[in-house]
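Dear colleague,

I am handing over the structure below, with notes on what turned up in it. Please look it over before reading on.

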Amino acid sequence: MHTAETSGWRRGKILGWLGVLLVLVALGAFYGWYKFFRDVPQESWMTETPEMRFRYGSIGAENDAGIPYWIFYVLPRMFPDKLPGPGGYAALGVSWEQGRELPIGFTKKTIGFPRVANNCAGCHTTNYRAGPNENPVFINAGPGHTLNLEAFFRFLVDCAKDPRFNADNLMREINLVTDLPWDERLAYRFLIIPITKKRLLEREAQFAWIYRHDFPEWGRGRDDSMNLTKYFMIKVPMDNSFGPGDIPSIWNLKKYDQAGTTMNWSGDSHDSYSVIIDSALGLLGAPPKSNAAFLEQVKWLQDYLRNAPPPKYPFAIDTARAEAGKAVFDRHCASCHASDKTGRRMALAAVGTDRERMDTWSKDNAVAANKVVSSMGIERKGLVETPLEGYNPPFLDGIWARAPYLHNGSVPTLRDLLEPPANRPKVFWRGYDLYDQANLGFITQGDEAKRIGTRFDTSERANGNGGHVFGVDLPKGEKDALLEYLKTL
Amino acid sequence: MNESPMPAPGQDSWLADLYRKRWIRVVMLVLAIPTVLALVLGAYLWQRFGSDRAVEYTDVEEHFKYGSTGGEHVSGLPYWIFQALPQVCAQHLPGKGYASLGLIYEEGHDLPIGMSKRHHQGIDKTFLNCAVCHASTVREAATSKPRVYLGMPAQQFDIMGFEKFLFACAKDEKFSADFVVPEARRLAQANGQDLDLLDRYLVYPVAVALMRDRLLTIAGRFDFVYETPDWGPGRVDTFNAAKVLFNFPMRDLPAHEKNGPADFPSIWLQGPRKGMQLHWDGNNTMVEERNKSAAFGTGTTPPTLDTAAVGRIETWLLTREPPKYPYPIDAAKSARGGALYKEYCSGCHGASGRDFSGDYVGKVTALPTIGTDRRRLDSYSYDLAVNQSALYAGYPWRFAHFRKTFGYANMPLDGIWLRGPFLHNGSVPTLRDLLEPEKKRPSVFYRGYDVYDPVKVGFVSNVPSEGDKHYFKFDTQVDGNSNAGHEGPSFGTALGDPDKDALVEFLKTF
C-alpha cells in the first residue's frame with residue numbers, strides 16, 4: 001500500500017542513510033588528509049636560529065621529492081652495497097653533525113607522515129678539520145666539497161631498482177627500528193612503499209647520463225648542474241654534453257647586487273633571486289604547492305645568503321707577509337678578481353680553462369627554462385638568454401675554504417693554481433676534509449685522502465686543469481706572500 | 001509476570017518465518033559446526049602462540065642474573081634447541097657444555113648467569129642479558145668454591161667463542177630437525193616436560209630452520225670475527241659489533257678501524273658517573289644512552305627493548321656498591337700507599353674508591369699522553385658516531401651523545417680489585433704489573449682463570465689449564481694487545497718497589 005505517509009517515511013529513511021554515508025565519507029576524507037597530507041610544522045629547534053634554519057629547515061621539498069622517513073632510514077642498512085663505502089649515508093660525504101638525527105641539508109617534516117628531503121645546505125656546507133685528531137667544523141653556505149652527489153642520486157635509483165625493494169623486506173627492516181601503529185603499517189605496505197618505488201624509478205630515465213660509462217665520475221664536491229636542469233626542468237632528450245662544476249660557495253651574495261654581474265660559473269643567470277628560485281625548484285622536483293609560501297622561503301634564503309659572511313681563516317696569518325701579498329695581489333690579480341670585471345662574463349680565450357661546463361648549456365635551454373618557471377606563475381629575471389662565452393672571474397671572498405679550484409675543481413690548492421698547468425697535480429683525491437694550511441686547500445694525497453676521497457684525473461673529460469696561467473711565473477717569495485694575503489679574504 | 005507484547009499471529013518477523021523452514025535449519029546447523037570448530041581452534045592457537053611472557057624475578061639481583069631485557073623477541077634462541085646444541089655440536093665447543101666458554105652456572109639453574117627466558121610465539125626462547133658480560137666468580141684458591149660477584153667484568157666469558165660456536169653449529173650438517181628435535185625432546189623429558197605432536201612435527205622443525213637461517217645471516221655480517229685475533233675471555237670488539245647493527249660492509253672498513261678489542265668493564269656505581277665520558281674512549285656522556293647502546297648486545301631493538309626491565313637494572317646500578325675486598329689489608333702499608341695515590345693517581349682516577357672528584361676524572365686523555373694500544377680508539381669512527389645519532393629515532397630517548405674522541409677516558413677505580421686484567425684491552429694481568437714499565441710487564445700470560453692473586457691484585461695469570469679447562473694465552477705482541485702506555489714517572493712506574501707495593505695495598509680499599 002503506497003500512501004503518501006509511507007513514501008514520505010521511505011524518503012526520510014533514504015535521506016538518513018545518505019546522511020550516514022556522507023558522514024562516513026567525510027570521516028574517511030579527514031582520515032586520508034590527516035594521514036597523508038596534513039602539514040605539520042617542523043620541530044622548533046630545526047628553525048630556531050637562521051643558522052639552524054639554513055641547515056635543517058624545510059624549503060618545501062618534502063611534498064614531491066620527499067622520501068618517507070622510515071624508507072630513508074632503512075635503505076643504507078638494506079643496500080649497503082650500493083653506497084660508495086661503509087658508513088651509511090656518511091659514506092656519501094654528507095656534512096653530518098654528531099648527535100643529529102640527519103645530516104645537514106636533510107630536512108625532516110611531517111606531511112601526513114614523516115618525510116625526508118633536502119635543502120640548500122645539503123650541497124652548500126663546507127666541512128674541514130684542523131688536524132687529523134680533530135672533529136670537523138661546518139661552514140654554512142660553503143661548497144660541499146666532500147659530498148658525492150652523483151653517488152647519492154644513483155643510490156636512491158639503484159635501491160628502487162633492486163627486487164629486494166619491496167614491502168615485505170622494507171617492512172621487516174622498518175619493524176626492527178620502530179613500532180608503527182597498525183594503520184601506518186598498512187599505509188606503508190600498500191601505498192607508501194609502492195608509490196615511493198614508482199617515484200624513484202621514474203627518475204631513472206632522466207638520470208640516464210649519470211650511468212654513462214663514457215663519462216667520468218663527478219666525484220666528491222661536484223655537480224653537473226646545467227645537465228640536471230636540462231633533463232629535469234626542461235626535459236630535453238639526453239645529449240652528449242658533460243660538465244660537472246665545483247659546488248660553489250653561496251655566502252655573501254650581496255656582492256652580486258652590483259650592476260652587470262651575473263651568477264654561476266658561466267654567468268648563466270641574472271641574479272641571486274633567480275638562482276635561488278631555480279635551485280630550489282630543482283630540490284622540490286615539482287611546481288610549488290603555493291607560490292606565495294615558496295617565494296617567501298626564497299626571500300628568506302636570499303636575505304640570509306646575501307648577509308652570510310664569508311668565513312674567516314681559522315688559523316694563524318702572518319700579517320706582515322699578508323700585507324706584502326696585497327701588493328702582489330693588486331698587481332697581478334685585482335684587475336679580474338677585484339674590479340668591474342669580477343662576476344661579469346669573460347671570453348673563454350681570456351682564461352683558457354676547460355670548456356665542457358660551458359658547453360652543457362645554450363641560449364635555447366635558457367629560453368626554455370625561463371618559460372617553465374614563468375608558466376608556474378613565478379616572476380624572476382631568470383637565466384641569461386644569450387649564448388655562453390666563457391667563465392666569470394669570481395669574487396674571492398672566503399677563497400681559502402673554496403678548494404679545489406677553477407670552475408671544475410681541477411686544481412687542489414691555491415698554491416697549485418699558481419703553478420703552470422704542467423706542474424699542477426695530474427691525479428689527486430677530492431673530498432677529504434683535512435685542511436692543508438701550507439698550500440691552502442684540502443689534503444689530496446696520502447692514504448686517508450685516497451681512502452675517503454674520490455680520484456680526480458685531470459686527463460679525463462671535463463677535468464682539464466689548464467688555463468688561468470696568471471701569477472705562475474712569480475718568484476716563490478711573492479707567491480708565498482700572495483697566498484698569505486689570500487687567507488685574509 | 002509482566003505483560004509482554006506477544007507478536008500477533010501472522011505478524012512474526014521475517015526471520016522467525018524463515019526459521020520455521022526445516023531446510024534452513026539444516027543449512028544453519030551445517031554452517032554452525034565449522035564455525036564453532038574454527039573458533040575453538042582459533043582460541044587454542046591464540047593461547048598457544050599468542051602469549052608473550054618473560055620469566056620474571058622479584059629480587060633485583062636475580063633479575064639482573066636471569067631477567068629479560070626484551071632481547072628474546074627478535075634474537076631469542078629456542079630454549080630446548082639451545083640446550084640441545086652442546087650435544088648436537090659438541091665438536092665445536094672447547095670442552096663440556098657452555099661452561100667451557102666461561103659461562104657460569106649456579107646450582108639449581110638450567111641456564112647460565114646472563115641468560116633469560118621468555119615464552120613467545122608458542123616456544124620458550126632464551127638470550128643474553130647484561131649479566132653475561134658483567135658478572136663473574138672469584139676463588140680464593142683452586143680448591144675453594146667460586147663466589148659470584150655481580151657487576152664485575154665477566155673475565156671468564158669468551159663471547160667470540162660463543163658466537164663462533166653458534167655460527168659453526170648452524171653451518172654443521174647436524175643442525176637439522178633430524179638431529180636437533182629428538183635431542184631437544186630427550187632433554188625436555190629428562191626435565192619432566194615433553195614436546196607434544198605439534199612441537200615435534202611443526203613448531204620445532206620450523207624453529208630449527210628459522211634459527212639456522214637467522215644464524216647464518218648474522219654469521220655473514222659478523223664474519224670479521226674470523227679475521228681478527230681471538231679476543232679471548234673477558235673481551236669484545238664493542239664498536240665493530242656496533243657497525244654490524246648498521247650492516248656496514250665490514251670487509252671494506254679501513255685497516256685501522258678493524259680489530260679493537262676491549263675489556264668488559266665493571267658496571268657498578270653508575271650514579272656518580274653521570275656526565276662523565278663513558279666507554280673506554282669516552283665516546284658518550286649519558287649513562288642511559290650508553291645502557292641502551294649496550295642493550296643492543298642483548299638482542300634488543302628499539303621496539304622490543306623492555307624499558308621497565310632494563311630500567312630496574314639501570315636504577316639498581318646507580319647506587320650498587322662494588323664488593324669489598326675480602327682478604328686482609330695491611331693498614332699501615334695502605335696508609336703509606338694512600339699518600340702516594342693522592343700524589344700520583346687522584347687527579348685522573350678520583351680522590352678515593354667512592355669519591356670520584358679530580359680534575360681529569362671521567363675525561364679523555366689524549367692518546368699520545370696515555371700511550372696505550374690505539375686499536376680500540378681507532379675502531380670507533382666519526383661515521384659510526386653520526387649513524388648512532390639516528391638510533392631510537394622517533395623515541396624520546398633518541399641517541400644524541402655519541403662523539404668521536406681522540407684518547408682514552410680516565411676511569412674511577414671503585415672495586416678495582418675485581419677489574420683485572422687492566423688497561424682498556426686487558427693487557428696487564430695485575431695492578432702490581434701495571435706499576436711496572438712496559439718492558440717488565442708480562443709479555444705473555446693466561447686470562448680467564450678465577451683464582452685470585454692478593455699479592456699482585458688481579459687474577460692468577462700463569463696457569464695455562466686446570467683439569468680439562470684451558471685458559472687463554474694472551475700475547476701482548478698480537479695486534480690490539482699491546483701492554484704499553486700508562487707508563488713513566490707520572491704514572492708511578494718509576495717508584496721504588498716498596499712504594500709500588502704500598503700503592504697496590506691502598507687500592508685494595510677501593
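How are α12(B) and α18(B) oriented to each other: roughly parallel, roughly antiparallel, roughly perpendicular or oblique? This is a predicted model, and the answer rests on the fitted axes. The axis of helix α12 (residues 331–344) of chain B and that of helix α18 (residues 497–507) of chain B cross at roughly 95 degrees and come within 7 Å. Angles of 65 to 115 degrees count as roughly perpendicular, and α12(B) and α18(B) are therefore roughly perpendicular to each other.

On the α12(B) side, the residues in this contact are B:Lys333, B:Ser334, B:Arg336, B:Gly337, B:Gly338, B:Leu340 and B:Tyr341. They meet B:Asp499, B:Asp501, B:Ala502, B:Leu503, B:Val504, B:Glu505 and B:Phe506 of α18(B). By type, the contact between the two helices has six nonpolar, three polar and five charged residues.

Next, the contact between the chains. Chain A contributes 22 residues and chain B contributes 27 residues. On the side of chain B that touches chain A, helix α16 (residues 382–388) of chain B supplies the largest share, with five residues. That side of chain B is made up of 16 nonpolar, six polar and five charged residues.

Two cis peptide bonds are worth a look in the backbone. In chain A, the bond joining A:Ala403 and A:Pro404 is cis, with omega about -10 degrees. A:Pro404 lies in the loop between α13 (363–375) and α14 (414–417) of chain A. In chain B, the bond from B:Gly420 to B:Pro421 is cis, and its omega is near -10 degrees. The loop that holds B:Pro421 runs between β10 (407–409) and α17 (431–434) of chain B.

Is A:Ala141 buried or exposed? A residue counts as buried if 20 or more other C-beta atoms lie within 10 Å of its own; A:Ala141 has 25 and is therefore buried.

B:Tyr392 counts as buried because 21 C-beta neighbours lie inside 10 Å.

Regards

Notes:
Residues are numbered from 1 along each chain as its sequence is written. Chains are lettered from A and ligands numbered from 1 in the order in which they are written. This is a predicted model: local features need pLDDT of at least 70, side-chain atom pairs count only at pLDDT 80 or more; totals for chains, interfaces and linings use all residues. Two residues are in contact if their C-beta atoms, placed from the backbone, lie within 7 Å. Helices (H or I, at least four residues) and strands (E, at least two) are DSSP runs, numbered from the N terminus. Ala, Val, Leu, Ile, Met, Phe, Trp, Tyr, Cys and Pro count as nonpolar, Asp, Glu, Lys and Arg as charged, and the others, Gly among them, as polar. Axes are lines fitted to C-alpha atoms, for helices over the stretch in contact, and angles run from 0 to 180 degrees between N-to-C directions. Angles under 35 degrees count as roughly parallel, over 145 as roughly antiparallel, 65 to 115 as roughly perpendicular and the rest as oblique. A residue is buried if 20 or more other C-beta atoms lie within 10 Å of its own, exposed if 12 or fewer, and partly exposed in between; C-beta atoms are placed from the backbone.
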